[in-house]
Structure formats: structure tokens, C-alpha cells
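Me: Please take me through this model by question and answer, with the cut-off behind each term stated once.

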Amino acid sequence: MTDSKNGQTTVNDPRTQAGADTELTQPRSPDVRGWTYFVRDGDMIKIGSSMRPRDRIGALQTGSSRSLETLAIVSMEIADEFGTHQRFSHLRVRGEWFRAEPDLLQFIKKVKAQMTRRATSSAPKVDPVMTGLLLMRKAHGADTPMGCACSNLAEQIQVMATYERPAWATHECQTLPWMMEQQMKRIEALKSANN
């Protein structure tokens, strides 16, 4: 689908809720080894793969005189290019181009729905502590001492998920848990001072 305002191709971003069509910057996920994309040109569908599908689809659009429609981009774990080519070999016209017949269109719809479910189920859960910190920062102002303390603690909480004490941290005050405790004490002291 091409945006008439700027002529850019838009695609189904697998990270969005309900698979809404949005412009895809570049899908990134540590568990994805690549992306399979389905691009329609009239009664033909290209089934390709790329680590950077938006760039690849953009190059396809540049080389085409007609507007291309991106039907779906899914992780290779859901639909790998080679397996999909084999499955629909009876529809192959040439290379990676296949006839847009009902069984292929139904398959694309199915894998797009799987990608949407996967993205929705792996969406980050709302953390009430983080929400509270961000609301407190907003209420006090980001540039105030309270806002800065809330921002610092929020960043430290995010890092804590993958934190490992470094070998050089020989004293407790050199560790992330200690720094987080200091930020919490500072927030409590600022709360008391405001009351």
C-alpha cells in the first residue's frame, strides 16, 4: 500500500496491536532470524525474505511502475521463504512470483494472524511500579529533583532485568541494587519534604 502523501510503501508491522497497517521502520526481535514478506502486484504475489524487509520492499517499489501492496511481513519461524515456495510451487509463475490464488491468499491471512497473536502475546506487560514512577515524574516535572530521581530509578529498573555484578564492583556502593536503593531513599525524602 502506498501513502499518497509521501509515496512510501506501508506495511503490516508485526509489532502493532491487531495487525494495523503502519509504516514499518525495521522489525527487530532477538528471537527472529529473518522475515518473510508477501508483496502483491496485481494478480501476482512475491514471496521473499530479508533481514531488512522494509528496505527490500522499498527497492522493489522503486523498480516497479505500479504501486505494490505489502500483504504481510512475518518472522521466518512462522513462515520461512523456502518452505512457502515449496508449498505453493503449483502457483509459481517465475522465481519468487506466484499467482494470487485463494489458497495462497488464505495462507497469508493465516500467517499474518499468527504474527499478530505472537506480537500481542509477547507485548510488554504494564509494570505498576514503572507506571507510578512515570506518573510521579509527570506530576512533579521532569526537570525537578523528584522528576530526575523518578527517571533515574525507572532507567535502573529496566537495566536490572539483565544486570550482573561487574568484577570490578568490589564494594556494595558500586552495584546497581545499591544505587537503586539510594534513588528510592531520595524519592522518599523528597516526598516527605513536600508534605
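Reply: Helices (H or I, at least four residues) and strands (E, at least two) are DSSP runs, numbered from the N terminus. This is a predicted model, in which local features need pLDDT of at least 70 and side-chain atom pairs count only at pLDDT 80 or more, while totals for chains, interfaces and linings use all residues. Residues are numbered from 1 along each chain as its sequence is written, and side-chain values use heavy atoms, with hydrogens and water left out.

Me: In what pattern do the helices and strands follow one another along the sequence?

Reply: The protein has 6 helices and 7 strands. Read along the sequence, their pattern is β-β-β-β-α-β-α-β-β-α-α-α-α.

Me: Where does E101 lie, and what is its relative accessible area?

Reply: E101 is found in the loop between β7 (97-99) and α3. Its C-alpha atom is separated by 7.7 Å from that of L91, a residue 10 positions away along the chain. Buried means under 20% relative accessible area, exposed over 50%, and partly exposed in between (1.4 Å probe, protein chains only). E101 is therefore classed as partly exposed, its relative accessible area being 31%.

Me: How many residues apart in helix α6 are K185 and E181, whose side chains meet in a salt bridge?

Reply: The N to O distance in this salt bridge is 3.3 Å. K185 counts as partly exposed at 48% relative accessibility, and E181 does so at 38%. Within helix α6 (residues 176-194) the two are separated by about one helical turn, because they are 4 residues apart.

Me: What is the distance between the closest N and O atoms in the salt bridge of K191 with E188?

Reply: K191 and E188 both belong to helix α6 and sit 3 residues apart, about one turn of the helix. K191 is partly exposed at 33%, and E188 is likewise partly exposed at 43%. Their closest N and O atoms are separated by 3.5 Å.

Me: With which residues is V74 in contact, leaving aside its neighbours within four places in sequence?

Reply: Contact means heavy atoms within 4.5 Å. With those sequence neighbours left aside, V74 is in contact with G34, W35, T36, F38, A79, V111, K112 and M115.

Me: Which elements are included in what covers the buried residues of α5?

Reply: Helix α5 (residues 145-160) has 16 residues, and its buried ones are M146, G147, A149, C150, S151, L153, A154 and Q156. Q156, buried at a relative accessible area of 13%, is in contact with L176, M179, M180 and Q183 once its neighbours within four places in sequence are left aside. The cover of the buried residues of α5 includes α4 (128-140) and α6.

Me: How many disulfides does a search of the whole structure find, and why is C150 in none?

Reply: A disulfide is a pair of cysteine sulfur atoms within 2.5 Å. C150 is buried at a relative accessible area of 1%, whereas C148 is partly exposed at 33%. The sulfur of C150 is too far for a bond because the closest cysteine sulfur, in C148, is 9.3 Å away. The number of disulfides found in the whole structure is 0.

How values were computed: Salt bridge = Lys/Arg side-chain N within 4 Å of Asp/Glu carboxyl O. Expected span 1.5 Å × (residues − 1).
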